[in-house]
Amino acid sequence: MTGSVSKAQAPNHTGGHAIEDHDARHSAGRRGPDDTRFGSIPSRLRSIPAQAGSGHARRGTWDRYRRRRAALLGLALLFGLASVGVLAGLVAPGDPFRSSGAPLQAPSLRHWLGTDDLGRDVFAGVVHGARLSLAVGLVAALTSGIVGTLVGSVAGYRGGITDDVLMRLTELVQVVPRFFLALLVAALFGPGVGAITLLLGLTFWPMTARLLRAQVLALRAQDFVLAAHALGVPDHRILVRHILPNAVPVAVVSTALQVGSAILVEAALSFLGLGDRSVPSWGNMLNGAQPLIRIAWWTAVFPGLAITLAVVAANLVGDGLSAALNPRLQGAGSRE
Amino acid sequence: MSYFVQRLAQAVPLLLGLLVLNFLLIHAAPGDPIYVLAGQSGDAAYYAEMRAKFGLDRPVLEQLARYLLNILGGDFGYSYAFSQPVFGVVLGRVPATLLLMLAGTGVATLLGIWLGIVAARRAESPIDHLISAATLVGYSMPAFWLGQVLIIVFAAGLGAFPVQGMATARGGYVGLRYVADVLWHLALPALTLGILQLALVTRLTRIALREALAEDFVRTARAKGLASGAILYRHALRNALLPVVTVVGGHIGTLLAGAVLTEIIFAWPGLGRLLYDATLTRDYPLLMAIFLIVSVSVVFANILTDLAYAWLDPRVRYR
């Protein structure tokens, strides 16, 4: 399974991508050891060595993670943003939807980031908006991680018709352009932050499912699994106790890499006015700023900076996890 | 050839699946599906006619069959907002969007390959680190926000590029001057749309080139005494470009989504702008048609990507 052999296999598609599809940046046209039909596995995720899920292994992971400055920076940023979101009421007291001064004031000591056309404080909006963006990103990524793990491990372990059906479904979900689907659903069913989050979670999973399937296929043939079979351990127990713990790192990495993507789609939908209007969000602020950008640059610049910062942080953490959980490929795409 | 046929055959169930998904969406939407199929502003007689056409009083499977037959026959319904068949409305907007996408991807891909080469040749140098950091920001920021920032800088500050529309209103330019005018209007939207692609291609080229430069055939070429330029361009780059092809071709959906946002910010008269207007006027037949067209484009773009890949890497065809 060297690089040159796996390169010989057919190209992949990371399918129907909407704007958020940064995950495809990892698809280097390569495939995992046993994944011959369903697109490539990002080279860095290709096969993560089986590790015992012991505390010792986890310590090793953290040691590898913290050696990368960029990964630590990402973690610090993410932690900082999350704290700001959780403590929004303390950092910027009061209702961010309420006017707190004259409209369209430039940044000043009183209004650090200025005010919008209704006199609302931009700083307060940015602070309160952190909640929604981070929550949507995390919940959507977690949902997709769970669905992807389920589909991928069942497909890989059961094989046969189950595998075929599940992988066809994966392909279908993968080609559906999720930004357009989200837009359509918001237009047909009305906007709602819960619905959008769920929709993102239910469309982001194919990547995780494909990775998990390849990983489970590889693990299934290993001696310790064959030994468990020979001892008469039931299937579901083998899957849950012996295979999944070793496949989890793959799911963690691919889930972490979806967080930033989900934040970006939510922001884009809100920017189009299809997000939830009742919750303060960075995308909503950019929507309100669109007619004002020529006269009040601060209404657009700061919410956008906040989004960029959050997604950079999420991506740095994802890259860091990917390198830490996959030491064999360390350095291949490292970015310190 | 057989590879082509095989890929095409694989696309058929996907296309059917997409149509069924569309059908399910129509019926899952709250309220009478007739509003989604025929728009909200028809009169009673028109609704009766559409009910008969889609067989809404018939069993679900028959409804599905009728729906599929209508779509396969090129009948995407009628847009009340535009008072003409949806298909024609959509078709009229395709050229502007294609122009934007081609300009955005084309420039971004070439520039990204070049930046990736620069970074890979000077691996771990300050310039490599700078390019990597810029790349990270490039694919992490909302592209539409970059568009807004460009408008702030160029419209308010510099005034060097126009920020609205596709041509100067009442400019009355013809011939080459018209082309120049459109290109001038194209600059900022194309940059906005291309930034994601630029970042992805740069990053991938850099990674792939570094891997390729470490491979045996490159060492062999070096041992033969080939100049490093020849090694880079003739041996390593060709291999490194494979993942780039995948990303450029596999990103049609992303690109179309980006086009929607870009067109809204720069008032570019394309498909995305049309889609946005359709969400505002609740022109459902138009919405459904655009969704379907985008989905189908993604499937076909994937096939084309596979073919390009197979052409670049003959090993694929013989598996």
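Modeller: Happy to. Let's start in chain B, where H8(B) goes past H11(B) with a right-handed crossing. Keep in mind as you look that this is a predicted model. Helix H8 covers residues 175-213 of chain B and helix H11 covers residues 252-266 of chain B; their axes come within 9 Å and cross at roughly 150°. If you want to find the meeting place, look on the H8(B) side for Leu188(B), Pro189(B), Thr192(B), Leu193(B) and Leu196(B). Facing them from H11(B) are Thr254(B), Gly258(B), Ala259(B), Thr262(B) and Phe266(B). Sorted by class, the residues of this contact come out as 6 nonpolar, 4 polar and no charged. As a bit of background, an α-helix has 3.6 residues a turn, so residues three or four places apart point the same way.

Now stay on H8(B) and turn to another of its partners. Helix H5 (residues 86-121) of chain B packs with H8(B) at an angle of about 35°, and the axes are 6 Å apart. The crossing of this pair is right-handed. The contact between H5(B) and H8(B) has 19 nonpolar, 9 polar and 2 charged residues.

One residue of H8 in chain B deserves a stop, and that is Asp181(B). A residue to look for beside Asp181(B) is Ala167(B): the two are 14 residues apart in sequence, and their C-alpha atoms are 5.9 Å apart in space.

Chain B contains 13 helices and 2 strands, and its C-alpha trace spans about 80 × 55 × 40 Å along the principal axes. It has 319 residues, 43% of which count as buried. Taking the contacts in chain B with a separation of 6 or more, 71% are between residues 24 or more positions apart. For a stretch that is hardly covered, go to helix H9 (residues 216-223) of chain B: of its 8 residues, the count of buried ones is 0. Just after H9(B) comes Gly225(B), with a positive phi of about 90°.

How far does the predictor trust this chain? The average pLDDT of chain B is 84, and 96% of its residues score at least 70. Within chain B, confidence is lowest in helix H2 (residues 33-38), with a mean of 75, and highest in helix H6 (residues 126-140), at 93. For the model, the scores are ipTM 0.87 and pTM 0.84.

Now over to chain A. Here you'll find 13 helices and 0 strands. Of its 336 residues, 57% count as buried. Looking at contacts in chain A between residues at least 6 apart in sequence, 71% join residues at least 24 apart.

Helix H11 (residues 235-271) of chain A packs with helix H12 (residues 282-289) of chain A at an angle of about 35°, their axes being 7 Å apart. H11(A) and H12(A) cross in a right-handed way. On the H11(A) side the contact uses Glu266(A), Ala267(A), Ala268(A), Leu269(A), Ser270(A) and Phe271(A); on the H12(A) side it uses Trp282(A), Gly283(A), Asn284(A), Leu286(A) and Asn287(A). That gives 6 nonpolar, 4 polar and 1 charged residues.

Pro303(A) itself is part of helix H13 (residues 298-325) of chain A. It counts as buried because it has 30 C-beta neighbours inside 10 Å. Pro303(A) and Val122(A) are 181 residues apart in sequence, yet their C-alpha atoms are 8.1 Å apart in space.

Last, the nonpolar core. The largest one has 183 residues, and those with the most contacts inside it are Ala182(A), Ile263(A), Ala268(A) and Ile290(B). H11(A) gives this core its largest share, 18 residues.

Key: Residues numbered from 1 in each chain as written. Chains lettered and ligands numbered in written order. Predicted model: local features only at pLDDT ≥ 70, side-chain atom pairs only at ≥ 80, totals over all residues. Axes fitted to C-alpha atoms, helices over the stretch in contact; angles between N-to-C directions. Helix = DSSP H or I, 4+ residues; strand = E, 2+ residues; numbered from the N terminus. Left-handed = near helix turned anticlockwise from the far one by under 90°. Contact = placed C-beta atoms within 7 Å. Nonpolar A, V, L, I, M, F, W, Y, C, P; charged D, E, K, R; others polar. Buried ≥ 20, exposed ≤ 12 C-beta atoms within 10 Å, placed from the backbone. Core = buried A, V, L, I, M, F, W, Y, C linked by C-beta atoms within 7 Å. pLDDT = per-residue confidence, 0-100.
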